[in-house]
Structures are given as structure tokens and as C-alpha cells.
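Below are some notes for a colleague reading this entry.

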Protein chains: 2
Amino acid sequence: MAQQHLDPPTDPTAGPVSGDALAGYLRAQATEFLRSLRQHRETGGAANGSEESVEAARALRRSARRISGSLHTFRPLLDPDWSEGMRPELAWLSGTLAREHAYAARLERLLGALNRLSGSSALPAQSGGKAVGQPAATASAPGPRTQPAGNLTVGAAKAGALLDRQLTLARTRAHSAALQALGSSRFHAVADSVAVLASEVPLTPTATSTDLRPPAAAAEDRLTDAIAALPLVTAGHPYNAEALVHGLSADTAPQPQDAPWHQVRLLLRLHRYAREVLYGEECPIDVRLLAAGQALNRHRDAAEAASAAASAARTPRIAPATAYALGVLHADQRHEVEAARFAFQQAWQREAVRTP
Amino acid sequence: MAQQHLDPPTDPTAGPVSGDALAGYLRAQATEFLRSLRQHRETGGAANGSEESVEAARALRRSARRISGSLHTFRPLLDPDWSEGMRPELAWLSGTLAREHAYAARLERLLGALNRLSGSSALPAQSGGKAVGQPAATASAPGPRTQPAGNLTVGAAKAGALLDRQLTLARTRAHSAALQALGSSRFHAVADSVAVLASEVPLTPTATSTDLRPPAAAAEDRLTDAIAALPLVTAGHPYNAEALVHGLSADTAPQPQDAPWHQVRLLLRLHRYAREVLYGEECPIDVRLLAAGQALNRHRDAAEAASAAASAARTPRIAPATAYALGVLHADQRHEVEAARFAFQQAWQREAVRTP
């Protein structure tokens with residue numbers, strides 16, 4: 001439906017783009033990967049958790065995703081054995097590194113939402129478990145206040161403490177897993193492969209005379225096809241209440257209605273990376289793609305936060321007030337899911353504007 | 001802000017509208033009141049609960065509201081002692097008659113929402129208490145299903161049964177109160193006053209030469225002033241998440257943020273009745289007013305349903321799964337509140353269109 005709005009990223013220059021552009025892009029990303037890895041080690045690595053270390057891990061994931069995505073989109077131009085072997089290793093690495101950050105961000109999102117919903121700032125701040133067992137809101141609430149039975153602010157504070165405990169534990173485990181991964185021989189093998197890539201990209205013999213535009217166009221087609229299959233008409237009607245349908249169903253699996261949106265998020269990313277390969281250093285920012293991608297990130301984050309709230313509500317022996325607060329929180333985050341779909345629809349129907 | 005969009009209901013004809021129009025309107029509404037009352041008695045009255053009886057009670061309330069509203073707006077044209085004495089009695093009557101219907105509608109709305117949220121139709125239908133203690137969804141769920149601990153569908157079913165029990169009890173009490181009211185000497189005094197009104201409206205001596213348009217315009221001004229004070233810019237941004245702010249605060253009172261909207265709902269009604277007085281039988285339907293009024297009714301209904309869900313969650317000794325479902329339900333209805341505000345904003349900014 002949005003086909004006519006799409007800018008032509010497959011024609012960045014007057015003529016075809018050769019495999020040399022791909023080699024240059026991969027070399028640059030591999031160099032960036034090695035630089036981030038070095039910085040990560042120098043700043044204390046995963047054991048440190050300092051801002052520089054977190055930033056280095058983020059940059060590492062960023063380049064790993066770009067290498068992996070480009071290997072996928074431009075498969076025909078690369079040595080198939082090598083690239084087929086490389087992709088799952090890069091996916092393993094960026095997945096392992098991403099998890100710790102994801103749990104931290106999820107907790108932050110949920111505590112922020114609880115604060116907003118309570119109209120207070122007395123909930124435990126994200127604390128790595130320090131506030132566990134001490135419902136800070138009751139202790140530090142401004143002024144004395146008669147608390148009725150089943151007081152919901154206590155519920156919100158308890159829900160916050162429960163989520164803090166569960167997600168901090170998950171984060172700690174993810175942290176250990178990341179540490180282990182970075183010390184593993186599997187990781188060293190990936191790093192070695194990337195080091196080779198930084199100096200010599202294993203292109204096929206015909207790659208330098210092959211036009212990159214058809215595989216890039218195919219990546220874009222996969223994106224537009226997937227978007228065309230999304231329920232965008234519904235998403236464009238505010239307050240359609242779709243995201244919370246089945247919000248109380250017995251199924252504990254992630255909502256199946258989210259999957260096509262998650263898929264579009266991945267395809268959008270591949271399309272963006274393909275544009276970067278074609279345009280090289282000069283790649284203009286496409287604000288429409290940027291806004292659409294941000295909406296899909298928000299969609300994913302809210303969906304996972306909603307799921308974490310529902311999962312916490314299944315903890316045995318929690319108080320009804322805690323469960324109530326988690327129910328409100330779950331619905332709030334599913335509402336965020338719906339809002340993100342609306343934002344995506346709005347971003348996508350907008351004309352492409354380029355700010356070079 | 002919407003001043004320029006307002007149609008001129010204060011100028012329905014070329015010239016002024018005299019107090020005779022008010023007298024005619026009040027006589028017609030009083031006659032309608034007496035007709036509904038007769039029909040209500042003939043169809044078995046409040047004890048019956050048949051469709052005709054419910055319809056008669058609705059018509060009775062409808063005319064009582066119109067009489068009361070007109071007495072208010074056109075105060076200066078009426079005998080002050082008489083109209084000051086009449087209004088609280090009419091408000092008492094329509095309030096008493098409205099309550100039973102309101103509880104029934106609230107239960108229907110909440111069970112409908114629970115069904116939607118569960119993605120099932122296995123919840124107890126509104127049953128006047130029959131399903132109490134028998135969570136129908138567990139018994140009649142299609143096919144055998146392994147239920148994990150804290151299963152949320154069971155929570156939804158239990159929440160439905162709890163709401164059914166509480167709101168059916170409230171409805172039964174309201175029903176008894178309405179029966180008592182209709183048999184009281186207080187009611188007979190109101191009915192007698194309305195019977196007098198049907199033949200002889202107590203206008204002031206100067207009323208027949210007084211223009212109705214200034215008091216009608218004042219009613220409209222009160223409406224537009226109140227609307228101008230609403231946060232319509234926020235309401236016009238979908239998914240602003242305003243309605244759920246303080247959704248978990250300890251305050252059990254109705255949300256203060258709702259009050260200005262409820263006030264606009266009442267002022268919109270007074271404006272509509274004033275238009276009816278001015279235009280008489282020929283009163284054209286103003287679709288904008290109609291849509292705005294429907295949005296505000298939805299706002300009120302959703303706000304009260306959200307409040308009922310929160311209130312049910314404070315029932316002692318409920319299961320966490322029940323509380324969780326009530327939390328989801330509360331948030332869902334607060335989203336409905338937000339959606340209704342958006343709908344009002346959309347309706348109000350539209351140009352007035354008249355279909356005579």
C-alpha cells in the first residue's frame with residue numbers, strides 16, 4: 001500500500017553499485033567490531049558495568065548485527081560456506097550480549113510505568129535488588145495517610161519490588177552468561193573470523209562485477225510485503241483495543257498477534273543495513289524509516305514488558321493488591337503496544353523525507 | 001476555542017421566541033411524563049422488569065430531565081418558589097429511577113469487556129446472580145485444557161462472578177428503592193405537580209413577552225466555557241495515557257480528572273434541551289451535539305465501570321488471579337475513558353452539520 005511512497009534506495013547513484021561497496025562496508029563494520037571489543041576489554045569488560053563498558057557492548061552488538069544482516073541480504077556475493085557458518089555465530093553473540101541490557105531496560109520501563117500509574121515517585125528505583133523486601137512507597141510516602149485495606153499504592157510498591165527481584169535476577173544471570181560467552185573459545189573463534197573480515201572479505205570471484213541493487217531491492221520487497229500484510233487499517237484507528245484482546249486468555253505464550261510486527265522490525269533493520277551498504281558513508285538519514293523503526297522497537301519493548309508483568313502475576317502466594325497492580329501494569333503495557341502500532345502506521349503513511 | 005463552529009440555536013427563527021414556546025414545551029414534557037407513568041403502572045411497574053416497563057421508566061426519566069433542565073435554564077420566566085421547589089424533587093425521582101438501570105448497564109459493560117479480554121464467550125452472562133459461586137467459564141470451557149497455576153482465564157471467570165454478585169446486589173437494592181419511591185407520598189406530590197404543569201405552566205406575568213434566546217444563549221455559553229477549559233489538546237493526541245494516571249494511587253474516590261468531563265456532559269444536555277424549547281417540534285438534529293453527547297455518556301459509563309472494577313478488587317480474601325483480572329479490567333475501562341475523550345474531541349472540532 002505504501003509502495004508509491006518508498007524512496008528508491010536501490011538507485012543511490014546513477015549506475016550500479018558493485019561488490020566493492022559491500023567489501024568496504026563489511027571491512028568497516030568488522031573494524032568497528034574489533035575496536036568495540038578492545039574498548040570493552042579496556043573498560044573492564046562485562047564484569048565492570050560502567051557506562052563506557054555498556055557503550056562498548058552496544059557498539060559490538062551494533063556492528064555484529066550489521067555484519068550478520070549484510071551477509072544475509074548479499075548472500076550471492078559471498079563465499080557461501082563461510083557466510084553460512086558466520087551468521088549463527090554472530091546471532092549467538094549479539095543475542096547473548098543483548099540479554100542483560102534488555103532485562104535492565106524492561107525493569108526500568110515497568111518501574112517507570114508503575115510510578116506514572118501511582119502518581120508518585122516513591123517506588124523503588126531500579127536498584128539491582130536493593131529495594132527487594134522493603135516496599136519503599138509505604139515507608140517514604142509523603143505525610144501520614146490512613147491506608148484502607150487492600151491499598152493499591154502498597155500493591156504498586158509490592159509489584160515493583162517483585163518485578164525488581166525477578167528481573168534483576170534474570171539480569172544477573174544474563175550478565176554471567178555474557179561473561180562466560182566472552183571468555184569462551186566459541187567467542188574467540190567469532191572474533192578471529194571478524195579479524196579476517198577486517199582485512200579480507202571472502203567475496204565470490206564474480207562479486208566485484210555484480211550489481212548490489214537487486215539483492216537490496218529484494219530485501220526492501222520483503223519488507224514492503226510484510227508491511228502490506230499488517231493490519232494497518234485497524235492500527236490507524238486510535239483506541240481500537242486490539243492489543244489487549246486475549247489479555248486475559250489462559251495462553252501464557254507471547255501474543256501471536258505481535259509476531260508479524262516483530263518480523264517487520266527485523267526486515268526493516270535488514271533494509272536499513274542494505275541502504276547503508278549501497279550509500280556507504282554518504283548514507284542519508286531516512287526519517288520515515290527511523291520513526292518506523294523506533295515505533296517497532298517500542299512495540300517490542302512494551303510487548304515484552306507486558307509479558308513480564310503477566311508472568312510476575314503468576315508468582316505463587318502474592319497478595320491480591322500486588323496481582324491487581326500487575327494486571328493494571330500489563331494492560332498499560334499492552335496499550336503501549338497498541339500506541340506503538342498506531343505510531344508505526346502514522347510514520348509509514350508519511351511521505352519519505354530525506355535529510356542528507 | 002470552538003466558538004466559531006457553533007451553530008446559532010439562539011436564532012432559530014427570524015425573530016425572538018416568547019415564553020409561550022417554553023409553556024408549550026413544558027406542557028408537552030409534562031404530558032409525556034404522565035403518559036409514561038401510566039404506561040409504567042399498566043405494564044406492571046418497577047416490580048415487573050419487562051421491556052415495556054423498562055422503556056416506560058426510561059421515558060419517565062427522559063421527560064423529568066427535560067422539565068428539570070428547562071426550569072433551570074429559563075428560571076427568570078417561571079414562578080421562582082414553584083420552580084425552585086420542583087427541581088430537587090425531579091432530580092430525586094430521575095436519580096432514583098436511573099440507578100437500577102445504571103447497575104445493570106455497568107455489569108453488562110464489564111462482563112462484555114471481560115469476554116473480549118479473555119477471547120472467549122464462556123463467562124457468565126448477566127444473570128441476576130444465577131452464576132454466583134459457579135465460575136461458568138471453568139465448567140463450560142470448550143474441551144479439556146491443562147490449567148496452569150494462577151490461570152488467568154479462571155481469574156477472568158472469578159472476576160466476572162464477583163462483579164456479577166456485587167452489581168446484581170446493588171441493582172436489586174436500587175430496584176427496591178425505586179419501588180419504594182414510586183409508592184411514596186413524595187412521589188405522588190411530584191406527580192401531582194407535573195399534572196398541574198400539563199395544564200397550566202406557572203409563568204411570571206412578563207414571561208409571554210420575554211425573549212427566550214438570552215437565557216438559552218447563556219446555557220450555551222456555560223457549555224462552551226466548560227469545554228474551553230477541558231484538556232482537549234491532550235485528548236486529541238491518541239494514546240496520551242492520561243486517563244490511567246493515578247490508576248494505582250491509594251485514593252479510592254472517583255478520579256478528579258473526570259469531573260470536568262462529567263460537568264460538560266450535564267451542560268451539553270441543558271444546551272440540547274434549551275434548543276428543543278426554542279425550536280419546538282421542528283428541532284433539527286445536530287449530529288455534532290449528538291456525537292459529543294454519546295462520547296460523554298461513554299466517558300461516564302467507562303469511568304464508573306473502571307471504578308466498580310477497582311472497588312471489587314478491594315473485596316477481602318479474593319484470589320490473586322481474580323485481582324489480576326480486575327486490574328486488567330480497570331485499566332481497560334480507563335482506556336475506554338481516554339478513547340471517549342478522544343471521540344469527544346474529534347466530534348467537537350467537526351463543523352456543525354444539520355440534518356433537519
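1. The model is predicted. Its largest nonpolar core has 186 residues. Those with the most contacts inside this core are A:Leu110, A:Val277, A:Ala309 and A:Leu329, together with B:Leu110, B:Ala309 and B:Leu329. In soluble globular proteins, nonpolar side chains tend to be buried together.

2. A:Leu110 can be followed individually. Setting aside neighbours within four places in sequence, A:Leu110 is in contact with A:Leu163, A:Ala305, A:Ala308, A:Ala309 and A:Leu329.

3. Helix α3 (residues 80–118) and helix α11 (residues 320–349) of chain A pack at an angle of about 110 degrees, and their axes are 10 Å apart. Angles of 65 to 115 degrees count as roughly perpendicular, so α3(A) is roughly perpendicular to α11(A). On the α3(A) side the contact is made by A:Leu110, A:Ala113, A:Leu114 and A:Leu117, and on the α11(A) side by A:Val328, A:Leu329, A:Asp332 and A:Gln333. By class, this contact has six nonpolar residues, one polar and one charged.

4. Chain A is divided into domain 1 (1–14 + 211–356) and domain 2 (18–138 + 151–207). Between them, 31 residues of domain 1 are in contact with 31 residues of domain 2. On the side of domain 1 that touches domain 2, α7 (213–228), α9 (259–279), α10 (287–313) and α11 of chain A each supply at least two residues. The largest share of that side, nine residues, comes from α11(A). The residues on that side of domain 1 divide into 21 nonpolar, four polar and six charged.

5. As for chain A overall, there are eleven helices and two strands, and along the sequence the pattern is α-α-α-α-α-α-α-α-α-β-α-α-β. Of its 356 residues, 44% count as buried. Among contacts in chain A between residues at least 6 apart in sequence, 82% join residues at least 24 apart.

6. Two backbone values deserve a look. Most residues other than glycine have a negative phi. A:Arg317, in the loop between α10 and α11 of chain A, has a positive phi near 65 degrees. A:Arg317 counts as exposed because it has 6 C-beta neighbours inside 10 Å.

7. The other value is in chain B. B:Tyr239 has a positive phi near 60 degrees and lies in the loop between α8 (232–235) and α9 (259–279) of chain B. With 19 other C-beta atoms within 10 Å, B:Tyr239 is partly exposed; a residue counts as buried at 20 or more.

Key
Residues numbered from 1 in each chain as written. Chains lettered and ligands numbered in written order. Predicted model: local features only at pLDDT ≥ 70, side-chain atom pairs only at ≥ 80, totals over all residues. Axes fitted to C-alpha atoms, helices over the stretch in contact; angles between N-to-C directions. Helix = DSSP H or I, 4+ residues; strand = E, 2+ residues; numbered from the N terminus. Parallel < 35°, antiparallel > 145°, perpendicular 65-115°, else oblique. Contact = placed C-beta atoms within 7 Å. Nonpolar A, V, L, I, M, F, W, Y, C, P; charged D, E, K, R; others polar. Core = buried A, V, L, I, M, F, W, Y, C linked by C-beta atoms within 7 Å. Buried ≥ 20, exposed ≤ 12 C-beta atoms within 10 Å, placed from the backbone. Domains from an automatic or database assignment.
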